[in-house]
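Me: I have a model open and want to go through some local details. Can you take my questions as they come?

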Amino acid sequence: MKARIPPQNILTKQQRQACVEYCEKLQDGNNNRLFKLFCYHLNRDFHFGADRLSRLIKAVEKTTDEMKTNEVFWEQLDREMKKIGLQFEDEEYEDIIGNWKKENQIE
């Protein structure tokens, strides 16, 4: 007889939470590295100073907070990028909205 273990029961809650925390820590590290790269090049190539770069970082952090409460944030941002003339690949909106609803315990 084969036992079927539901996917949510393969790991304990504590193990799942540890995985989530680990992934968030990795993401924070990657975000920090990207900020450093952008700040480096904005300073070196476009002469942004420390004050301007600090304002940029604060603005991005504020926008990140907005992202957490706006389920269509990435769709709106993709439209803004197109208006500017930057051709980023569009986000997978259904995946993002589904994840946003899960994170905010909607449905």
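Me: Asparagine 70: buried or exposed?

Reply: Asparagine 70 counts as buried, at 18% relative accessibility. Buried means under 20% relative accessible area, exposed over 50%, partly exposed in between (1.4 Å probe, protein chains only). Note that this is a predicted model: local features need pLDDT of at least 70, side-chain atom pairs count only at pLDDT 80 or more, and totals for chains, interfaces and linings use all residues. Residues are numbered from 1 along each chain as its sequence is written, and side-chain values use heavy atoms, with hydrogens and water left out.

Me: Where is asparagine 70 found?

Reply: In the loop between α2 (50-67) and α3. Helices are DSSP runs (H or I, at least four residues), numbered from the N terminus.

Me: What does the side chain of asparagine 70 make a polar contact with?

Reply: The side chain of glutamine 76, at 2.9 Å. A polar contact is a pair of N or O atoms within 3.5 Å; within protein, one must be able to donate a hydrogen and the other to accept it, and residues adjacent in sequence count only if both atoms are side-chain atoms. A polar atom of the asparagine 70 side chain also lies 3.0 Å from the backbone nitrogen of valine 72.

Me: On to α3. What should its 12 residues span?

Reply: Helix α3 covers residues 73-84 and should span 16 Å at 1.5 Å a residue. Its end C-alpha atoms are 17 Å apart, which agrees. The expected span is 1.5 Å times one less than the number of residues.

Me: Which residues in α3 are buried?

Reply: Phe73, Asp78 and Met81. Down the axis of α3, the buried residues fall within an arc of 130°, so they line one face of the helix. The arc is that of the directions from the helix axis to the C-beta atoms.

Me: Which side chain of opposite charge is nearest to aspartate 78?

Reply: Lysine 82, at 5.6 Å. Aspartate 78 is buried yet has no salt bridge. A salt bridge is a side-chain nitrogen of Lys or Arg within 4 Å of a carboxyl oxygen of Asp or Glu. For charge, Lys and Arg count as positive and Asp and Glu as negative; His and the chain ends are not counted.

Me: What is aspartate 78 in contact with, leaving aside neighbours within four places in sequence?

Reply: Glu89, Asp90, Glu91 and Tyr93. Contact means heavy atoms within 4.5 Å.

Me: And lysine 82, what does it form a salt bridge with?

Reply: Aspartate 90, with the closest N and O atoms 2.5 Å apart. Lysine 82 is partly exposed at 41%, and aspartate 90 is partly exposed at 36%.

Me: How many salt bridges does a search of the whole structure find?

Reply: Five. Among them, glutamate 75 pairs with arginine 79, closest N and O atoms 3.1 Å apart. Lysine 83 pairs with glutamate 80 at 3.3 Å between the closest N and O atoms.

Me: How far apart along α3 are glutamate 75 and arginine 79? What about lysine 83 and glutamate 80?

Reply: Glutamate 75 and arginine 79 are four residues apart, so about one helical turn separates them. Lysine 83 and glutamate 80 are three residues apart, again about one helical turn. An α-helix has 3.6 residues a turn, so residues three or four places apart point the same way.

Me: Lysine 83: buried or exposed?

Reply: Exposed, with a relative accessible area of 66%. Glutamate 80 counts as partly exposed at 38%.

Me: Last one. What comes just after α3?

Reply: Glycine 85, with a positive phi of about 105°. Just after α1, histidine 47 takes a positive phi of about 60°.

Definitions and conventions
Helix = DSSP H or I, 4+ residues; strand = E, 2+ residues; numbered from the N terminus.
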